[in-house]
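Please look over the structure shown here before reading the notes below it. They are meant for someone meeting it for the first time.

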Amino acid sequence: MAIIQLGDYIVIQRQKYTKLQKFGSLDATATLGKEHLELKSLLDQPYGSTFKMCVKESKAGKRGAQRQHSLELCTENELRSIRDVLNISSSGADNRDISDNGEAQSLKSSDIEQMREECNESSKIIEKLVENSKTFHTRTEYSQDKYLLKKEKKYFEFVQIRQPTIRLMADIFHRQDPDKIMGIRVDTLSQIISYSGISGFGNYLLYESGTNGLLPAAMLNSMGAGTEATLVHMHPGNVPQKQALLALKLPFEQQQRCISVNLYSVLREFYQGDKPEATKSSGDEEKVEAVTEAEVTAEEQSEGFEPSSKKVKLESPNSNKPPQRWQVENKRAAALMNEKFDSLVMAAKEHPSNILQALLPLVKPSRPVVIFGTCKELLQEIYMELKTTGKVTNLHLTSNWMRTYQILPNRTHPEVNMSGNSGYLLTGYTLK
């Protein structure tokens with residue numbers, strides 16, 4: 001069983017709400033709305049444990065009272081259904097006589113807030129609310145359940161600590177800020193992994209313009225630990241985005257099989273790195289320069305980009321100094337580029353045409369190519385280009401549409417709120 005350690009990324013779950021948080025030190029805290037949680041009690045506890053939020057103090061803030069909580073490990077006996085705790089036995093036949101005029105609750109908001117400060121158990125707060133409600137016992141059983149769930153969501157005092165997984169992180173990132181992961185929803189992510197044919201054998205090539213590390217993490221996770229597969233992860237910026245990759249906490253040997261390199265830098269290394277000056281051709285230079293304009297545009301979009309750093313990065317190293325990490329990674333990647341790859345995956349914010357032309361020759365024949373984009377028209381252009389050149393066959397341009405359902409006895413229906421489009425996929429197989 002995995003144990004929570006300092007430096008881990010953790011997923012804090014309160015009912016259906018989840019949040020990715022780094023447990024960097026014993027002084028670390030997490031914020032859930034107005035609740036501030038001290039995380040030091042999590043150290044050395046197993047993942048999956050449930051903790052009770054115990055109020056320490058309340059402070060007045062710009063958005064109302066902010067409560068500081070410590071966390072105490074709790075048992076399953078404390079996690080009982082609110083209906084079982086309250087022992088509700090009566091309900092009404094229908095809701096026709098209930099008027100939503102705001103006068104059903106006799107307790108004032110100040111009374112409820114004071115009760116919340118004095119009592120740390122949601123069941124006791126909800127019990128008082130039910131006792132002082134003029135209409136609760138005349139509601140139908142279904143209406144009572146909705147009322148209890150609504151109040152429990154507001155006053156629920158338990159959190160569960162879960163270990164990050166690809167699905168959890170995809171859901172969290174997509175809910176918090178879809179733009180940071182190019183709008184890739186979990187169903188689209190599963191399609192990318194499926195079409196790319198990732199396994200524990202072979203070498204795979206990925207180019208992405210910034211998905212918070214979600215795509216390389218998903219591909220590396222699919223390769224598995226202790227396998228022979230290697231991933232070359234090309235990106236436009238100086239430093240790759242790796243939050244999701246770090247959060248997975250993969251074994252060191254598995255992390256080492258992900259080679260992250262700057263696209264422009266590694267292409268220069270591949271075409272010109274070990275060649276003497278006399279043998280370098282203008283054609284090699286043109287192949288590198290072909291992706292420069294689109295690649296620089298993507299760099300400017302990436303976080304922390306410094307235009308001058310590209311020039312510094314690409315200078316020849318002093319022979320008296322040991323090679324830097326990026327130079328070693330470039331040589332590792334260039335060696336695999338010479339061997340060619342078993343699939344190509346692209347998720348580009350910029351126009352993918354020039355980058356695809358540079359990377360497609362690095363893929364073996366009869367291997368899958370998967371291109372993700374947020375704009376259908378750009379992928380339609382790529383579709384026609386590949387059709388014309390005949391370099392890729394069995395081309396398909398698709399878009400996923402997913403709708404989740406509430407599954408309850410006699411109450412199964414699609415959820416009212418749902419996300420729409422999650423981008424487009426262009427897939428095919430290379431020809432010799």
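The notes below cover the sheet, the helices, the nonpolar cores and the cysteines.

This is a predicted model, in which local features need pLDDT of at least 70 and side-chain atom pairs count only at pLDDT 80 or more, while totals for chains, interfaces and linings use all residues. Residues are numbered from 1 along each chain as its sequence is written, and side-chain values use heavy atoms, with hydrogens and water left out. Helices (H or I, at least four residues) and strands (E, at least two) are DSSP runs, numbered from the N terminus.

- Seven strands make up an open sheet of mixed pairing, in the order 10-9-8-11-12-16-13, where two strands pair if DSSP finds at least two bridges between them.
- Strand 10 (258-262) and strand 13 (392-398) stand at the edges with a single partner strand each, so one side of each has no neighbour in the sheet.
- Strand 8 and strand 9 (residues 230-235) run parallel and are joined by five bridges, and Tyr207 stands opposite Met234 in strand 9.

**Helices on the sheet**

- Helix 10 (residues 263-272) packs on the sheet, where it touches strand 8, strand 9 and strand 10, and its direction makes about 95° with that of strand 10; contact means heavy atoms within 4.5 Å.
- Helix 14 (residues 325-339) lies across strand 8, strand 9 and strand 10, and runs at about 105° to strand 10.
- Such angles run from 0 to 180 degrees between N-to-C directions, with axes fitted as lines to C-alpha atoms, for helices over the stretch in contact.

- The buried residues of helix 6 (residues 186-196) include Leu189, Ile192 and Ile193, buried meaning under 20% relative accessible area, exposed over 50% and partly exposed in between (1.4 Å probe, protein chains only).
- The cover over the buried residues of helix 6 includes helix 5 (166-176), helix 7 (214-223) and strand 16 (424-430).
- In the largest nonpolar core, which has 39 residues, Leu189 and Ile192 are among those that touch the most other members; a nonpolar core is a set of buried Ala, Val, Leu, Ile, Met, Phe, Trp, Tyr and Cys residues joined through side-chain atoms within 4.5 Å.
- Helix 7 supplies the largest share of this core, seven residues.
- Another core, of 35 residues, lies apart from it and has Val266, Tyr271, Phe341 and Tyr424 among its members.

**Cysteines**

- The structure holds zero disulfides, a disulfide being a pair of cysteine sulfur atoms within 2.5 Å.
- Cys258 is buried, with a relative accessible area of 4%, whereas Cys375 counts as partly exposed at 28% relative accessibility.
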